[in-house]
Amino acid sequence: MKYDDFNDNEYIEKLVAELKDAGTNVIVGKFDELINWGRSNSLWPLCFGTSCCAIEFMSLGAARYDMARFGFEVARNSPRQADYIMVQGTIVHRMAPVLRRLYEQLAEPKYVIACGGCAVSGGPFKNSYCVLPGVDKILPVDVYIPGCPPRPEAMFYGLMQLQRKIKVEKFFGGANRQEKTKEFFAEHPEMENQI
Amino acid sequence: MTNIQDKIGKICPSAQFEEGDILLVIVPDTDWHSLALALRDDADLHFDYLSALIGMDWKDSMGCIYYLNNTATQEMISVKVITTDRENPMLHSVSDIWKVAIFQEREVFDMYGIKFINHPDMRRMFLRNDWVGYPLRKDYDANPELNPIRLTDEENEDDTFSIVEDEKGNIKEVKSKVFGDEEYIVNIGPQHPSTHGVMRFRTSVDGETVKKVDVVSGYIHRGIEKMCESMSYPQTLMFPDRMDYMSAHQNRHCLCMCIEKALGIEVPRRAQVIRVMMDELMRISSHLLSYGCTTMDMGATTAFFYGFREREKVLDIFDKTCGARMSLHYNVIGGVCADLHPDFAKDVKELCKILPSRLKEYHKLYTGNVIAQNRMKKVGVLSHEDAVNYAITGPSGRASGFSCDCRKKHPYSIYNELDFEEVIDNEAHGDSFTRYLLRLKEIEQSVKILEQLVDNIPEGEICAKVPKLIKLPAGHWYQQVEASRGTFGVYIESIGEKTPFRMHFQSPCFNLVGVMDLCCRNHMIADLITIGATLDFVIPDIDR
Amino acid sequence: MFDFGIVTNWIDSWLESVMPQWAATTIECVLVGVALLLVYALLALFYILYERKLCAWFQCRLGPNRVGPWGLLQVFADMFKILIKELIAIKGTDKFLFALAPYLVIIASMLVFVNLPWGNGLQLADLNIGVFFMIAASSIGVLGILLAGWASNSKYTLIGAMRSGAQMISYELSIGLSILTIVLLSGTMSVSEIVALQANGGWFLFRGHIPAVIAFVIYLIAATAETNRGPFDLPEAEHELTAGYHTEYSGIHFGFFYLAEYLNLFIVSGIASLLFLGGWQPFNIAGLDMFNEVMNYIPSIVWFLLKAFFISFVIIWFKWSFPRVRIDQMLALEWKYLMPIGLFNLVLMALVVVLGWHF
């Protein structure tokens, strides 16, 4: 896809501007590029689906959409070996600690995609007594993919957005990924007390 | 009907009767257990199949409604049992008579707090064990501070209790253990690739042999039934699509029919034909997915891709007419919401043409494989008796020889005019292989139905005239359809308002997961996966 | 055939002419080590891409094609990522054993490289018990897997490790027996001699009559099991045990298991081509001189790799067509069928050799 075809270009540009302001060494910058190239092109998902979106994710892997083209097909079942968790489906109160634990078990660098209305905001079940109104209440989310369920094309779009986001990250000298978690807890103090 | 009424009157003089399209028997709790036993064992009554168990809260009293089915004559009755004690409600359990009630009663306990006397295992079913309150009660306090989002793990529930009544009628609570201390318990799920979602099986193993499976459910319990109570009828239509998303059309068809029955709406012929065709397309897509997942769970990843290849063709048809690949929202009260796409007939014909040859390919690729046969044959055998007792319907039930196809037994829509066979294994093998094969055979029958209808779609309206504001009269209705995985039922109770007083979805998968323990015992861990895959449950349908 | 020995000898003599012998030997060792590591890494990366592309084709898909031309750079991206992934330290594990396990697995597969006949004169060490050394060294790998399963302090990994132990020990018998059959035929355990005996198109698969064919089939089945690949991928069994014995490993530790799996695939294919398909010997047909000329023109190392890739292709084909067997079925296959047949086959081969029925 061409650069202009993406939405949210301002967001990426903002990230790049921030990085430029911080300034980096040329060699370190090149290393960063290499590492980010590796990371962004080798996103291994954790198989995690709770409802309908998971079936669409299976379609994503199947022959017509074939996520293997991008190198996403190495779906790992063990969170230790996966790179990102794509939350597909509703997260309810009973599942919330499990999801949180899965997130903790992922090895850094780790990313979260909230896929589908339920994961983004609770979707059609928002008013229920035991549904989490969006996974961003318990996890720092990198990309949101709306839809109920999102079409496989939308999922690709979301994944490509994640790739773009990773490409402007900094490995050396920049913000540590673990600070992301700290920031998240600063915003949600009630969650930290529970862990 | 009068015959049944007389008989029940003789067995239980205290019973009251209420006529309706299904006879309603109201019995006091003290006589219920003995009546239930008679209902099942009496040669004439022979109500051996409990098709629905619905917890109820009528504000002044609470209770349960049971829908019973005679598998020989297909007669149905319903039974209502009430308790007025709101503080410590108790009813007698029928889980020893119909095993399906073991899980169903746990659900009622979870949602209403009704304890069942003599039930072996009274734990919560869907909610966390530290949950405060019983959500489906009318006086439930939904204050989020009572039940905040907890990120602490809940304790493994090894302790359970049951309320036991001795011969003198004294009631006491007995504590017991689910697993002994020396058992080696492997936790399969909730995050596991082969549980098809977030299901958790706590499995006690001896080496590789499974000794006991404890089903822990509720990791996707979304409280659909509670939400329905605050929504208008057209709004509730979105939920069945999201429960068993692989039977979206059938489930929604069921809810629409139930509301239409209550309103007395006649659905136009064209809409009925379209609905039936969509149902069968959905069934094909569901069984193809099931084929793919079964093969993948057993390690043959390539077969999965073949199943999905044809499924995409079905989804294309949906995409053109309904505008979505999943969560289709196509049926509405009175008919369907959009007319067929011009390509519909052509696409369906093409699908019908390629499917038989593709099915042959599947058999070549997988069914005939020696390893596949060894993995599935005689694994997870479910006898005919158990299938009826545990109310296992759909392809899994029919593999055990339980003739339970709603399209034949309680014909709805235009199914009685169609020429198709109920695919059933007459020798009642009931093993994984039969279940697997039966699904592929059902695809052939669905193709047969589609072929009959595709050239005979009548012209006319696609939706009947429906009042703007839909208010159901006071009363209650129950409707069943044959979804992809078994008999799906909807129960609506209305008190004449624009929102339902109670809406219950009787999902087939909930019963399917109830036999996991029975089927898996003394098999290997690998067999547990096979059995789970061939029973083919969809988790959001279990938890609702 | 071009003899790579000329090159190596030339380097050796040149080094010795400019420095004392001990220094030359040290430098040679370092050079060999670096070359080995490089080949090791490149082969593993090639194999990962090879399998991903192959399985995509089996499944009517395209496979990786976005990163680099035809997706060639996909595996490099994966490698960069996995190198800098976090290594998670897990509570309750045996730290030392936990860290040791992946290295054991990788060392086991690397040791076998020493003996593989890469090409004419391209062999690191020509032991007179070369074949024996190979099976001995490759069976160290199971130790690493058992350790990984035990040290991870997880039930899944433990079950995976137990399965792996049972599987490897059983199937090593069959591998041993089928290799023994060929050793009987060739009368030597030295790798270079075995290769030399198969010159001029006299591959043992053709020369050994029926017993060699039986041994080849048994070897293929047992080798699939040895490398933990489908339909014998029980130790990993991703749909039963999430990721089997390496469930708890992350980052490069997991990368080692991942690489070793593919390297073992190469190794068993390499041994098969050595024993049955003539090692680096080109495909010759007696009498067709022109044809043989053309075949001989292709470098020996290419022959060896092609044969190995072909056998790997067959093993990958198994994996993507068959469902996984169950543990009891797997053991029954070995102890009830493969091993008795293998023993019988050995006797048959002895008869063939004694009576001189082979070509």
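Contact is taken here to mean heavy atoms within 4.5 Å. In this predicted model, B:Thr71 touches B:His46, B:Asp48, B:Tyr49, B:Val388 and B:Phe402, residues up to four places away in sequence being left out of the count. B:Thr71 lies in the loop that joins β4 (62–69) and β5 (76–83) of chain B. One of its neighbours, B:Asp48, is also a polar partner, the side chains of B:Thr71 and B:Asp48 making a polar contact at 2.7 Å.

Salt bridges were searched for over the whole structure, and 52 are found when all chains are included. Within chain B, the side chains of B:Arg309 and B:Glu361 meet in such a bridge, with an N to O distance of 3.0 Å.

The interface of chain A and chain B was examined next. Here 45 residues of chain A are in contact with 51 residues of chain B. About 4,200 Å² is buried between chain A and chain B, and carbon and sulfur atoms account for 65% of that area. Four salt bridges are counted between the two chains. A salt bridge is formed by B:Asp319 with A:Arg151, the closest N and O atoms standing 2.9 Å apart. The count of residue pairs in polar contact between chain A and chain B is eleven, with both residues at pLDDT 80 or more. On the side of chain A that touches chain B, the elements giving two or more residues are α3 (52–61) and α4 (96–105) of chain A. That side of chain A is made up of 28 nonpolar, eleven polar and six charged residues.

Chain B also meets chain C, in a contact that takes 32 residues from chain B and 26 residues from chain C. The area buried between chain B and chain C is about 2,500 Å², with 58% contributed by carbon and sulfur atoms. Two salt bridges are found across this interface. C:Arg326 forms a salt bridge with B:Asp527, in which the closest N and O atoms are 2.9 Å apart. Eight residue pairs in polar contact are found across the interface of chain B and chain C, both members being at pLDDT 80 or more. The elements of chain B that each supply at least two residues to the side touching chain C include β10 (184–188), α8 (269–297), α9 (301–322), α11 (370–376) and α18 (525–535). By class, this side of chain B holds 18 nonpolar, nine polar and five charged residues.

Helix packing is described for chain C. Helix α4 (residues 95–113) and helix α5 (residues 130–138) of chain C pack at an angle of about 170 degrees, and their axes are 8 Å apart. Angles over 145 degrees count as roughly antiparallel, and α4(C) and α5(C) are therefore roughly antiparallel to each other. The contact is made by C:Ala108, C:Leu111 and C:Val112 of α4(C), together with C:Phe133, C:Met134, C:Ala137 and C:Ser138 of α5(C). Of the residues in this contact of α4(C) with α5(C), six are nonpolar, one is polar and none is charged.

Definitions and conventions
Residues numbered from 1 in each chain as written. Chains lettered and ligands numbered in written order. Predicted model: local features only at pLDDT ≥ 70, side-chain atom pairs only at ≥ 80, totals over all residues. Heavy atoms only, no water. Axes fitted to C-alpha atoms, helices over the stretch in contact; angles between N-to-C directions. Helix = DSSP H or I, 4+ residues; strand = E, 2+ residues; numbered from the N terminus. Parallel < 35°, antiparallel > 145°, perpendicular 65-115°, else oblique. Nonpolar A, V, L, I, M, F, W, Y, C, P; charged D, E, K, R; others polar. Buried area = accessible area lost by both parts, 1.4 Å probe. Polar contact = N/O pair within 3.5 Å; in protein donor to acceptor, adjacent residues only side chain to side chain.
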